[in-house]
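Below are some notes for a colleague who is reading through this model. Please keep the structure open alongside the numbered points.

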There are 2 protein chains.
Amino acid sequence: MTDADWAGFRADERSLDPDAYILLDYYLECEGDPERAALHFCAEQSTAQWRRVGSSEDLRPRFGARLVDLQILDQERPGFSYEVGRGRVPSVSACRVRIAHPHGNFGPRLPNLLSAVCGEGTFFSPGAPIVKLLDIHFPDAYLESFEGPQFGVEGFRERLQIHDRPIFFGVIKPNIGLPPEDFSELGYESWLGGLDIAKDDEMLADTDWCPLERRASLLGAARRRAEAETGTPKVYLANITDEVDRLVELHDLAVSRGANALLINAMPVGLSAVRMLRRQARVPLVAHFPFIAPFSRLAGFGIHTRVFTKLQRLAGFDVIIMPGFGERMHTSDDEVRDAVNACLAPMGRIKRSLPVPGGSDWAGTLRPLYEKLGTIDFGFVPGRGVFGHPMGPRGGAASIRQAWEAIVAGVSLEDQASRHPELRAAIEAFGGSPTVAPTKTSNGNGSGGES
Amino acid sequence: MTDADWAGFRADERSLDPDAYILLDYYLECEGDPERAALHFCAEQSTAQWRRVGSSEDLRPRFGARLVDLQILDQERPGFSYEVGRGRVPSVSACRVRIAHPHGNFGPRLPNLLSAVCGEGTFFSPGAPIVKLLDIHFPDAYLESFEGPQFGVEGFRERLQIHDRPIFFGVIKPNIGLPPEDFSELGYESWLGGLDIAKDDEMLADTDWCPLERRASLLGAARRRAEAETGTPKVYLANITDEVDRLVELHDLAVSRGANALLINAMPVGLSAVRMLRRQARVPLVAHFPFIAPFSRLAGFGIHTRVFTKLQRLAGFDVIIMPGFGERMHTSDDEVRDAVNACLAPMGRIKRSLPVPGGSDWAGTLRPLYEKLGTIDFGFVPGRGVFGHPMGPRGGAASIRQAWEAIVAGVSLEDQASRHPELRAAIEAFGGSPTVAPTKTSNGNGSGGES
């Protein structure tokens with residue numbers, strides 16, 4: 001192609017109809033002239049062959065993705081940041097590009113959106129093997145076609161009648177292996193201790209040793225007993241992650257038995273299947289995060305977690321569980337904040353999703369989490385911090401509530417613990433320092449998790 | 001946990017019931033003692049908290065994932081291979097581990113399988129931020145629950161009545177932007193020139209400017225005309241990638257109008273949704289590969305492509321399009337061979353899938369591809385090599401058949417070209433050397449692609 005040909009993939013952003021384009025930010029490492037590489041990247045992502053042989057047509061004006069900004073971050077590097085089997089490559093540039101992609105090319109369809117913005121064109125552009133999709137910005141006109149969360153943060157709070165604090169989740173543990181009877185007893189105890197939501201682990205499926213029907217029946221009944229005893233609404237969050245053709249059936253089954261929110265492993269099931277379920281769901285949908293880290297962990301390659309968070313919100317999740325702060329979760333503080341922000345920031349007509357940053361939480365990690373987030377619009381999701389507590393799940397849940405009361409009262413965790421044996425026991429079991437989760441525990445009562 | 005506690009996650013492979021375990025091979029970089037890290041990894045992946053507080057139960061014997069082999073590849077490294085925000089970490093080991101994971105933990109469900117083997121437990125094990133799932137081995141007992149491909153290589157060949165050569169695909173280009181009338185004309189020409197299968201690009205959806213119904217009607221009619229004129233079966237491979245709740249509807253629509261194989265972007269749609277479609281499909285299903293490279297490109301992090309290939313086969317794809325050989329596709333020769341092998345190697349009762357390694361193919365890349373694979377059981381899928389050919393798609397398709405005839409006759413491409421103007425024109429347009437795809441073309445008639 002000639003320089004004039006490539007120019008068809010460049011544009012001044014102000015000249016484009018903002019309603020017609022999705023804006024995409026990428027990190028890119030490429031060989032040779034970075035502008036040429038970025039234009040090639042636009043072509044690959046849209047209409048690489050823009051006319052038929054022997055025709056004078058030009059499909060670029062309507063269908064071409066356009067380079068609207070190019071920042072060169074580092075020029076003449078000695079090679080790519082990651083080894084990709086190319087050995088030493090001279091003249092590598094690292095860039096940040098913004099691309100305007102016409103969404104009319106594929107429409108308001110999640111699988112086709114993914115195919116366009118992180119598909120073959122994106123990851124197989126010549127001379128540009130290192131790519132990370134950093135962010136995605138949707139015009140309101142595109143968002144109009146999506147349903148988004150049915151309840152959102154406000155609707156979810158309304159169901160729980162909680163408006164002045166974070167929402168307290170807990171992952172029932174042992175996560176797998178218990179029969180429904182034992183499992184439901186643990187949930188019941190945790191509600192009585194003060195949890196709002198007792199949840200299935202993301203690994204717990206509809207298996208012969210713990211069938212969903214029986215589990216939901218027992219936990220539904222236990223939930224109602226706990227609600228009667230405490231006088232407050234409670235949630236049993238059942239995991240219905242399963243084959244796509246069972247999702248609606250399992251929704252109906254679990255809800256009819258007493259589950260009043262449903263967990264789905266978003267990426268393993270597929271975002272589009274979640275959107276399908278959302279259209280029929282009668283209860284809040286909660287996302288869990290397996291199958292995202294292998295895309296997102298490295299700084300310069302893959303797809304950023306904030307993109308996944310936005311897509312999960314778009315697919316209709318009311319609550320999004322995500323890796324939280326701390327070395328344990330291999331996620332930087334900035335990345336956690338970005339993902340939380342992607343849940344809560346304005347997004348056209350799409351409701352907000354409740355962010356739940358999790359990872360080795362216990363009573364002592366509540367204050368640092370709250371302080372880092374600077375909002376009460378989040379969920380807190382210990383696992384062993386409640387279910388591995390030396391006094392059992394009732395004591396574990398109580399320790400969480402006591403930690404929150406300390407924050408509200410403005411007293412230290414130690415002061416509060418002097419008046420509350422559950423909190424005292426939590427500190428002894430889970431760590432001397434309230435900001436550091438322990439790395440070792442004993443007796444099979446847990447060693448990490450979501451949770 | 002104590003050393004004795006961790007020992008519950010170790011096993012001699014010979015002591016385990018082979019029918020009950022999936023075997024998983026991982027590359028792992030971890031801090032500290034590698035065996036301890038690998039045992040922790042097993043715990044995180046299965047039952048990290050294996051008993052209730054105050055109970056003497058032990059869930060490990062039935063539910064624990066087990067370390068069955070540990071090879072230390074590199075000890076006392078100065079840090080991780082990839083920067084993960086940890087700075088210098090002393091005493092990092094690189095290992096290869098084999099883990100036996102009891103599939104009864106989750107059952108024959110693709111989303112739950114993914115959650116177990118590449119989910120939170122796998123990618124958030126303490127001190128082990130660098131993980132790559134290298135391979136997965138299923139016992140026949142597990143495979144019994146999967147349908148796999150409906151037609152497989154043999155059934156697909158039977159439909160085409162081709163038993164002695166590769167299958168010739170072509171991606172109709174311009175890939176997006178043409179109205180159905182123009183688009184179908186290109187397909188028709190390519191069939192007359194000798195293509196077996198004319199296909200939609202993976203980016204082409206059911207849009208207002210090229211509705212699937214109209215496209216399938218026109219291409220279905222054109223296919224039947226081409227079959228009548230050539231006396232050989234032809235395939236129109238329609239892309240039905242769309243939201244999950246439209247897949248069955250679009251299958252029925254496209255097939256009723258004349259599409260006789262269907263393309264689905266496997267990972268954007270989701271493997272489980274494909275399995276759902278497979279149960280109702282009346283024609284072969286063909287996978288395309290967007291949304292895999294961001295997991296798989298780096299040698300030491302993510303998920304290997306052979307795992308995705310096996311999972312696509314398990315989900316029921318009769319044909320699997322994948323990145324092929326050559327620098328253009330950023331994939332090593334070994335990795336391409338591994339993926340091809342994952343399509344064709346025995347896998348219990350699961351039929352073979354036809355591998356289609358693609359990337360900037362034209363007549364001149366057919367011989368090196370065939371020689372590298374050493375089998376005729378593959379598909380060849382040029383894009384511009386047919387549709388950007390100077391003599392148009394009929395000439396482009398003819399050049400592919402001429403290249404195959406040269407291979408069969410044992411003559412060189414140059415010799416063959418001296419007798420065939422289409423092949424001559426292909427060599428002039430696409431490269432002096434038959435093994436090197438050109439990096440530049442002109443006039444918007446293509447610059448790479450799958451294709």
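1. After α14(A) comes A:G316, which has a positive phi, near 115 degrees.

2. A word on conventions: this is a predicted model, in which local features need pLDDT of at least 70 and side-chain atom pairs count only at pLDDT 80 or more, while totals for chains, interfaces and linings use all residues. Residues are numbered from 1 along each chain as its sequence is written, and chains are lettered from A and ligands numbered from 1 in the order in which they are written. Helices (H or I, at least four residues) and strands (E, at least two) are DSSP runs, numbered from the N terminus.

3. Turning to the interface, 96 residues of chain A are in contact with 96 residues of chain B, contact meaning that the C-beta atoms of two residues, placed from the backbone, lie within 7 Å. On the chain A side, helix α4 (residues 110-117) contributes the largest share, 6 residues. That side of chain A divides into 43 nonpolar, 34 polar and 19 charged residues, with Ala, Val, Leu, Ile, Met, Phe, Trp, Tyr, Cys and Pro counted as nonpolar, Asp, Glu, Lys and Arg as charged, and the others, Gly among them, as polar.

4. In chain B, 5 strands form an open sheet of mixed pairing in the order β2-β3-β1-β4-β10, two strands being paired if DSSP finds at least two bridges between them. Its edge strands, β2 (66-77) and β10 (302-303) of chain B, each pair on one side only. Strand β1 (residues 21-31) of chain B runs antiparallel to strand β4 (residues 130-137) of chain B over 7 bridges, and B:D25 stands opposite B:D135 in β4(B). Helix α14 (residues 305-315) of chain B packs on this sheet, touching β4 and β10 of chain B, and its direction makes about 40 degrees with that of β4(B); axes are lines fitted to C-alpha atoms, for helices over the stretch in contact, and angles run from 0 to 180 degrees between N-to-C directions.

5. Chain B also has an open sheet of 8 strands with parallel pairing, in the order β12-β11-β9-β8-β7-β6-β5-β13. The edge strands here are β12 (354-358) and β13 (379-380) of chain B. Strand β5 (residues 167-171) of chain B pairs with β13(B) over 2 bridges, with B:G379 as the bridge partner of B:I167. On its pairing with strand β6 (residues 197-199) of chain B there are 3 bridges, and B:F169 has B:I197 as its partner. From β5(B), B:I167, B:F169 and B:V171 point one way and B:F168 and B:G170 the other way, and all are buried.

6. Finally, the axes of helix α8 (residues 180-193) of chain B and helix α18 (residues 392-409) of chain B come within 7 Å and cross at roughly 35 degrees. The residues making this contact include B:L186 and B:E189 of α8(B) and B:P393 and B:R394 of α18(B), and the contact divides into 5 nonpolar, 5 polar and 2 charged residues.

Notes: A residue is buried if 20 or more other C-beta atoms lie within 10 Å of its own, exposed if 12 or fewer, and partly exposed in between; C-beta atoms are placed from the backbone. A crossover is right-handed if, with the strands pointing away from the viewer, the path from the first strand over the helix to the second runs clockwise.
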